[in-house]
Structure formats: C-alpha cells, structure tokens
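Let's take a friendly walk through a protein model. Have a look at the picture first, and then we will go from the overall build to a few side chains.

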Amino acid sequence: MSRVGKNPIPVPDGVDIAIDGARVTVTGRRGSLEHSLPDTISARIESGFVLVERADDQRNTKALHGLSRSLLANMVTGVSEGYRKELEIVGVGYRAVAHGSSKIELQLGFSHPVHVDAPDGVTFEVPNQTSIHVLGIDKQAVGQVAADIRAVRKPEPYRGKGIRYAGERIIRKAGKAAK
C-alpha cells in the first residue's frame, strides 16, 4: 500500500469536506477548493479524518493514490491556514511597488518596469521595497506565481543580483582571474 496514500488526513475545525462521487469540495474560512479524483481512487470521511483508497494494486493506481492524498491534504491546509511564498530582491536600484493587493510593479534594471498581475485566488504583499510575499489558498497557484516572478530576473551567480526565494542560497562563482 502507498505509504503516503494510506495516511489519514485530519480535518481541522472550521473545514467542511463534501464528497460527491469523484468530486471533492473543501470549504474553510479562507475559501473553497474543488478536485476531481481519478476513476480508480475514492475518498470517504470517517470520524474527523478523510481516508483515500484505491481500487487495485496496479503501478499507476498506486502513484495516483499517494498523489490524490497529497492534493487533498494540501487543499485542507490551504483553506484553513493558506500558503505563503516569500521572495527577496537583491541589487542596487531593484525594487518592488504594490498597486493594491493584486498587482505589483518591479524595477529590475531593465529599461522598463515589469508589471505582474495576480491570478484569481492569489494576492501580493510588499512589506518593503526588497521583499514580496505571494499569498493564497491553492498551493500550486502560489508556487507558480512565485516561480514566474523569480523567472523575470533570476539570481545570477557572479554578483547574486536578482529575485530569489527567502532563504535561498545562491552558489557564487569566481570572476575572471587577473594575469
């Protein structure tokens, strides 16, 4: 049996889970998320836990078992606590400015500012000019938006300038050696 898939998902107070066939809806104080389970995977609620079960022991079904359990656990965490990715901006003159909670403007050494709009369910916080917080209930959406922002100006290995995740360690390279 899948080591991940067999673990029950605890349902915290304030989170409601509705299972309608293969459709699972998770609702909490931060919002609501939906997911469709594959045909060979089923879920049921039992005494405050969600149990994810599979129909057979085929290799693909085993993989989907653990994946489905992880996705449901991420949904429960998202609607109860939410997800956050923190980005740091390093470089002279590099900065971020918030325009509401759904739009930021980045000055990253280009000849023009870069505007980033948040998709539905994702918001931005800019506590200071050199940090950006990406917030939301969908773990995949938060991670993708953070990766898209980082891709605008990845940290370069010689001076370390660019956008990096908070706590990310950039391996520095030596510059040219003088003769």
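How many helices and strands does the secondary structure of the protein come to? In this predicted model, there are two helices and 13 strands. The protein is more spread out than a compact globule, because its radius of gyration is 21 Å, well over the 16 Å that the globule rule gives for 179 residues. Along the principal axes, the C-alpha atoms fill a box of roughly 65 × 45 × 25 Å.

Of the 179 residues, 36% count as buried. The protein exposes about 10800 Å², and carbon and sulfur atoms supply 48% of that area.

Charges come next. The protein has 26 positive and 20 negative charges, and their mean positions are 14 Å apart.

| Salt bridge | N to O distance |
|---|---|
| Arg44 and Glu53 | 2.7 Å |
| Glu86 and Arg84 | 3.9 Å |
| Asp117 and Lys103 | 3.8 Å |

Asp117 lies in strand E10 (residues 114-117) and Lys103 in strand E9 (residues 103-107), so this pair ties together parts that are 14 residues apart in sequence. Asp117 is exposed, with a relative accessible area of 52%, whereas Lys103 counts as partly exposed at 32%. Elsewhere, salt bridges that share partners join Arg44, Glu46 and Glu53 into one network.

How values were computed: Residues are numbered from 1 along each chain as its sequence is written. This is a predicted model: local features need pLDDT of at least 70, side-chain atom pairs count only at pLDDT 80 or more; totals for chains, interfaces and linings use all residues. Side-chain values use heavy atoms; hydrogens and water are left out. Helices (H or I, at least four residues) and strands (E, at least two) are DSSP runs, numbered from the N terminus. The radius of gyration is taken over C-alpha atoms; the globule rule is 2.2 Å times the number of residues to the power 0.38. Buried means under 20% relative accessible area, exposed over 50%, partly exposed in between (1.4 Å probe, protein chains only). Accessible areas come from the Shrake-Rupley method with a 1.4 Å probe; for residues, only the protein chains shown count as cover. Lys and Arg count as positive and Asp and Glu as negative; His and the chain ends are not counted. The place of a charge is taken as NZ of Lys, CZ of Arg, CG of Asp or CD of Glu. A salt bridge is a side-chain nitrogen of Lys or Arg within 4 Å of a carboxyl oxygen of Asp or Glu.
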